[in-house]
Amino acid sequence: MTAYPSAARLRRAAFIGALCTGLAVTGTGCGEKKDPDKGTNGIGKLTAEKIEAQAKAAATAAESVHLSGTLVTGGKTYALDMRLKSDGGTGEVKSQEDTFQLLRVGEQLYLKASAAFWGKSDSAGKLGDKYVKVPENDPSYKQFRGFTDMDVLLDGLLGLDGKLTKGPYGTVGQTRAVPVLAEGGKGGRLSVSLTGTPYPLLMERAGGAGRVELAEWGQAFPLDPPQEDQTVELPTAKDGQGTGGQDTGTSPAPSKSQGSGQGSGTTG
């Protein structure tokens, strides 16, 4: 004689099967737990110190990067949108006083700013809204070159101060990332890509000293001098002290030794 399961037992079995199927989607219950590192580059399994080291190594080896965000350095706030590579960079830097278009090809720096930036000299009106070819011995060259130097910017940005720990996985844009926190975030927070090369994707500096996204790693972009009709030579000051442009502070590019002047705290 063949035994047949009762209708109640069949319904109960079907319910349990459906429940397990639903729970498996979230990685809990009847099915196996979802592996958070599945499909990643595996860097999230490393210690926080090793993640930071690999992110810095990836950044150092990269040929180009796009930086965008804000920096607080020398007590002043700058908004930047710069594309950089080993032999120069191009983009925009904004301060509270002015907006600067920067372009460096090799060692030649071009700076575009308003006429007001160049002061009240007779030549200031000719310099406004033109790419000014800045000689290396001019103070403006020293102040702005750092914003076009990939090595200088990355070295100043990618610094965490204090004991490192890992945070829960998140995303930067559409890319999954693992955050590395220094002193729980008070010493800075660096988010590193869990996809492909472990590039730094977001740096939140200690003490509210800025938040910068790093993207388009290794992507080529054109870097050419401006057209001649858009370029003017920077007049040489008779006293050798430069052109008399506004004081933007000493080296506005970030430095590991420079604080925000706002005290410590989480960067968000």
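**Before selecting anything**

The model is predicted, so local features need pLDDT of at least 70 and side-chain atom pairs count only at pLDDT 80 or more, whereas totals for chains, interfaces and linings use all residues. Residues are numbered from 1 along each chain as its sequence is written, and side-chain values use heavy atoms, with hydrogens and water left out.

**The whole chain**

Display the protein as a cartoon: five helices and 13 strands make up its secondary structure. These elements are DSSP runs numbered from the N terminus, helices being H or I of at least four residues and strands E of at least two. Colouring by accessibility is the next step. Of the 268 residues, 40% are buried; buried means under 20% relative accessible area, exposed means over 50%, and partly exposed lies in between, with a 1.4 Å probe and protein chains only. The protein exposes about 14700 Å², of which carbon and sulfur atoms supply 51%; the areas come from the Shrake-Rupley method with a 1.4 Å probe, and for residues only the protein chains shown count as cover. Among contacts (heavy atoms within 4.5 Å) between residues at least 6 apart in sequence, 55% join residues at least 24 apart.

**Strands S5, S6 and S13**

Select residues 108-112, 131-134 and 231-233, which are strand S5, strand S6 and strand S13. Strands pair if DSSP finds at least two bridges between them. S5 and S6 run antiparallel and are joined by three bridges; here leucine 109 stands opposite valine 134 of S6. S6 and S13 run parallel, also with three bridges, and valine 132 has valine 232 in S13 as its bridge partner.

**Aromatic rings**

Now show the aromatic side chains, among which there are five aromatic pairs. Rings of Phe, Tyr and Trp (its six-membered ring) pair if their centres lie within 6.5 Å; planes under 30 degrees apart count as stacked, over 60 as edge-to-face and the rest as tilted. Begin with tyrosine 78 and phenylalanine 147: their ring centres are 5.6 Å apart and their planes stand at 55°, so this pair is tilted. The pair links distant parts of the chain, 69 residues apart, with tyrosine 78 in strand S2 (residues 76-85) and phenylalanine 147 in the loop between helix H4 (139-145) and helix H5 (150-157). Tyrosine 78 is buried at a relative accessible area of 2%, and phenylalanine 147 is buried at 0%.

Select phenylalanine 100 and phenylalanine 117 next. This aromatic pair is edge-to-face, 5.1 Å centre to centre with 80° between the planes. Phenylalanine 100 lies in strand S4 (residues 99-105) and phenylalanine 117 in the loop between S5 and helix H3 (124-127), so the pair ties together parts 17 residues apart in sequence. Both phenylalanine 100 and phenylalanine 117 are buried.

Another ring to display is that of phenylalanine 221, where lysine 85 lies over the face at 4.7 Å from the ring centre. The criterion is NZ of Lys or CZ of Arg within 6 Å of the ring centre and within 35 degrees of the ring normal.

**Two glutamates in loops**

Finish with glutamate 183, in the loop between strand S9 (175-182) and strand S10 (189-193). Although not a glycine, glutamate 183 has a positive phi of about 50°, and it is partly exposed at 45% relative accessible area. Glutamate 216, in the loop between strand S12 (210-215) and S13, is likewise not a glycine and has a positive phi of about 55°. Its relative accessibility of 31% makes glutamate 216 partly exposed.
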